[in-house]
Amino acid sequence: MQDVAIKAAETAPPSTSPNLVEARGLSRVFDVSKPWLNRVIEREPQKFLKAVTDVSFTIRRRETLALVGESGSGKSTVAKMVVGLLQPSAGQVKIDGQDMWGGADLTTLRRRIQMIFQDPYASLNPRWRVDHIIADPIRAFGLARDRDEIEHRVGELLTLVGLDPLDGRKYPHEFSGGQRQRICIARALSSKPEFLVCDVPTSALDVSVQAQILNLMRDLQDQFGLTYLFISHNLAVVRHMATRIGVMYLGRVIELAETEALFRAPQHPYTRMLLDAVPDLAMTGRPRKRVEGEIPNPIDPPPGCAFHPRCPLAFERCKIDVPVSHVGRDGRAVACHAVEAGKV
Amino acid sequence: MSVPVLSVRNLRVEFPTRRGTLVAVDDVSFDIAAGEVLGVVGESGAGKSMTGTAVIGLLEPPGRIAGGQVLLKGERIDNLPPEKMRRVRGKRIGMVFQDPLTSLNPLYRVGEQLIETIRTHTDASASEARAKAIGLLEAAGIQGASRRIDSYPHEFSGGMRQRVVIALALAAEPELIIADEPTTALDVSIQAQIIELLKRLCRERGAAIMLITHDMGVIAETADRVAVMYAGRIAEIGPVRDVVQRPQHPYTRGLMGSIPKLEAGGARLAQIRGSMPRLTAIPKGCAFNPRCELAVERCRQERPEPVHAGGSDVACWLAGAATAGKAPVEAMNSTPPVVTSDAKGGAA
Ligand SMILES: Nc1ncnc2c1ncn2[C@@H]1O[C@H](COP(=O)(O)OP(=O)(O)OP(=O)(O)O)[C@@H](O)[C@H]1O
Ligand SMILES: Nc1ncnc2c1ncn2[C@@H]1O[C@H](COP(=O)(O)OP(=O)(O)O)[C@@H](O)[C@H]1O
Ligand code: SF4
Ligand code: SF4
Ligand SMILES: [Mg+2]
Ligand SMILES: [Mg+2]
């Protein structure tokens, strides 16, 4: 079984498509109803939460696609569907042309895709030594011949992420937040993946540690030709890392564009609002629009465009029709009635 | 010049432990004037919260103030008996913490909590207090305040709860507000609203605000002056424009260089090598010396005291000399000499 995995990995046909990842119409619905009996007694209907609705994107080889959005916008849910941890309610994920949820050999695919999770502490088993944690994918995918080779490889990986090979003997609680993030990266790299999904909560890290992690991730990308799906709340971080950016709001990607284009000329009213809300470190005194309102409850989102209660450009149609994504000549996709009608 | 609302003089906070005494705050001094926001920044563990907690007299034993003074409008409050200090805290100092739920009682409607605070500290009647509570919630940006005043804390979103806490902190019309990471748990759009609110209230009501955060962006937006803390001490304190755009202390310059900037695109980030020392192992001399690229022998032996340099006070042997005088743009965009571009982050 293990031999087969290695062979499959080594002989995977080199694909000619420039896209490593294709997500088409991804949706995920969660059933958040109360237990059946309570519902019957309280006469409540079943409740569903649409965490992700109709999300499509492609990621070219060696590029970084970032998803940015506020808490609860569906970023982590997309990430889990893309790495194969969560089955979509609808839609398709193709990795190198293979349909992840439709017949692809998952064992082979999983070796080529790794994820770095939002909560590094929860994702590291506290009872395992760090070398054991990092070696786990190597063992699971049968990527080393013997213990010596595993040990050697773990030492290499620790060095690669800026830790000491001797750190392998310690346990996760003996490390700082930034160091634990490095351990997660080392483990993710141990199966020699091509595609890394990083749900890194850099907002929880000190800027000094964040800089170390972001620089490390860029170096590793250059060194190994990795493709990234990078998830963050922080627009400045995303600008620093991404080739292209998708902005999410209440489960949908409302604008997707090349990084420079997005920052130079944001189109969707929500993208503009997000950019406006970023604290102005350069202290240019740029005039800012006041941000209004709160993010709606995802169980009961507003009809039509979910952003309409907060949108300064909203008009009648926005309360009725859900805007669909239109792709412009520059490849930018925007889902907004006002943009479509040329009002922006 | 009038008396500052808050004066902290040579404050020292200690934690006696079995293995010796840990010094969490060491010789910290600063003032905050009425209507002024002092930002306090630094990496986690720098002693920001300990400083705030000591000012409001809420240090958890065995932690204690082991030296220095805290003065509110010129009167010492660090040596008040607990009962008196409790009244000062309720009436003259308001508090906002990162997690709004620590300040709100889940069992009471938010209105009840506001009204109780108002009535304890003013002689308002029940109906006056209710009207005032609604006014405060409105000032804190809660729409439909007259309806929502009878809701419980769990019925509000995180951003709304933080507004309620701010309303609560203002209820007794305090002279000083200590806000410890008030926006850290919030989304950017909500964070911007809360910052705006704090600024407005400070302006309109003339309160002094000590704003503790590790987010330089929030400081740049909000503060009039900034104190940068490192290993329990103030490394640099000065007007926000000077500290953010012309940082002088090598540590501040490293911090500024490591922040990805919206306007800077994808240039490589500066890194400070290593990490902050633990309280059990604070280096001799300048606490920053093992991480500082400019360190000289003197830095390893003698501790630098703050000296005037430009508009700021800087605790560095090189202050005013080698590190000063860079044009603001240059200081923001270039890699400061303190940082290393070693991809592996040194001993981090
Ligand atoms: N297992 C689940 N069961 C029910 N609801 C869920 C589940 N997982 C996620 N959700 C809901 O789906 C929505 C999207 O969640 P998701 O974790 O993808 O957001 P996110 O963009 O990653 O947010 P954050 O920035 O806070 O990490 C949220 O409303 C969340 O509460
Ligand atoms: N109860 C305690 N006993 C010993 N040390 C403590 C205690 N509480 C906090 N500290 C230490 O005091 C230092 C300053 O902490 P804190 O003020 O919370 O930092 P910050 O708010 O800047 O992140 C840290 O090194 C922390 O570990
Ligand atoms: S569709 Fe309408 S409400 Fe939605 S963002 Fe566009 S203008 Fe605003
Ligand atoms: S005193 Fe010395 S070690 Fe400390 S910051 Fe200044 S130059 Fe660096
Ligand atoms: Mg998430
Ligand atoms: Mg703190």
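A residue is near a molecule if one of its heavy atoms lies within 4 Å of it. In this predicted model, 13 residues lie around ligand 3. Cys305(A), Cys311(A), Cys318(A), Cys336(A) and His337(A) come nearest. By class, this shell holds 10 nonpolar and three polar residues. No charged residue belongs to the shell around ligand 3.

Ligand 1 has 15 residues around it. The closest are Ser71(A), Lys75(A), Ser76(A), Thr77(A) and His233(A). The shell around ligand 1 divides into five nonpolar, eight polar and two charged residues. Two elements of chain A, β2 (48-60) and α3 (75-83), each supply at least two of the shell residues. Helix α3(A) gives the most, with three residues.

Several polar atoms of chain A lie beside oxygen atoms of ligand 1. A polar side-chain atom of Thr77(A) is 2.5 Å from an oxygen atom of ligand 1. For Ser76(A), an N or O atom of the side chain lies 2.7 Å from an oxygen atom of the ligand. Gly72(A) takes part through its backbone, where a polar atom is 2.8 Å from an oxygen atom of ligand 1. Taken alone, ligand 1 exposes 640 Å². The protein buries 69% of that area.

The fold of chain A comes next. Chain A contains 12 helices and 12 strands. Its radius of gyration is 22 Å, close to the 20 Å that the globule rule gives for 344 residues, so chain A is as compact as a globular protein of that length. The C-alpha trace of chain A spans about 70 × 55 × 45 Å along its principal axes. Of the 344 residues in chain A, 54% are buried. Among contacts in chain A with a separation of 6 or more, 65% join residues 24 or more positions apart. The chain exposes about 15900 Å², and carbon and sulfur atoms supply 52% of that surface.

Chain B was described in the same terms. This chain has 12 helices and 12 strands. The radius of gyration of chain B is 21 Å, close to the 20 Å that the globule rule gives for 348 residues, so chain B is as compact as a globular protein of that length. Along its principal axes, the C-alpha trace of chain B spans about 65 × 45 × 45 Å. Buried residues make up 55% of the 348 residues in chain B. Contacts between residues 24 or more positions apart account for 65% of those in chain B with a separation of 6 or more. The accessible surface of chain B is about 14700 Å². Carbon and sulfur atoms hold 51% of it.

Helix α10 of chain B, residues 250-257, is mostly covered. Eight of its eight residues are buried. The buried residues of α10(B) include Tyr251(B), Arg253(B), Leu255(B) and Met256(B). Gly254(B) and Gly257(B) are also among them.

Two strand residues of chain B were examined individually. Gly39(B) is found in strand β3, residues 37-41. Its relative accessible area is 0%, and Gly39(B) is therefore buried. Beyond its neighbours up to four places away in sequence, Gly39(B) touches Leu211(B), Ile219(B), Ala223(B), Arg225(B), Val226(B) and Ala227(B). Gly39(B) and Val240(B) are 201 residues apart in sequence. In space, C-alpha to C-alpha, Gly39(B) and Val240(B) are 8.3 Å apart.

Arg233(B) is found in strand β10, residues 233-239. This arginine counts as buried because its relative accessibility is 18%, and the cut-off for a buried residue is under 20%. The side chains of Arg233(B) and Asp26(B) are joined by a polar contact of 3.2 Å. Leaving aside residues up to four places away in sequence, Arg233(B) touches Asp26(B), Val28(B), Val228(B), Gly285(B), Ala287(B) and Arg303(B).

Technical notes
Residues numbered from 1 in each chain as written. Chains lettered and ligands numbered in written order. Predicted model: local features only at pLDDT ≥ 70, side-chain atom pairs only at ≥ 80, totals over all residues. Heavy atoms only, no water. Helix = DSSP H or I, 4+ residues; strand = E, 2+ residues; numbered from the N terminus. Buried < 20%, exposed > 50% of the residue type's maximum accessible area, 1.4 Å probe, protein only. Polar contact = N/O pair within 3.5 Å; in protein donor to acceptor, adjacent residues only side chain to side chain. Contact = heavy atoms within 4.5 Å. Areas by Shrake-Rupley, 256 points an atom, 1.4 Å probe, with all protein chains shown as cover. Nonpolar A, V, L, I, M, F, W, Y, C, P; charged D, E, K, R; others polar. Rg over C-alpha atoms; globule rule 2.2 N^0.38 Å.
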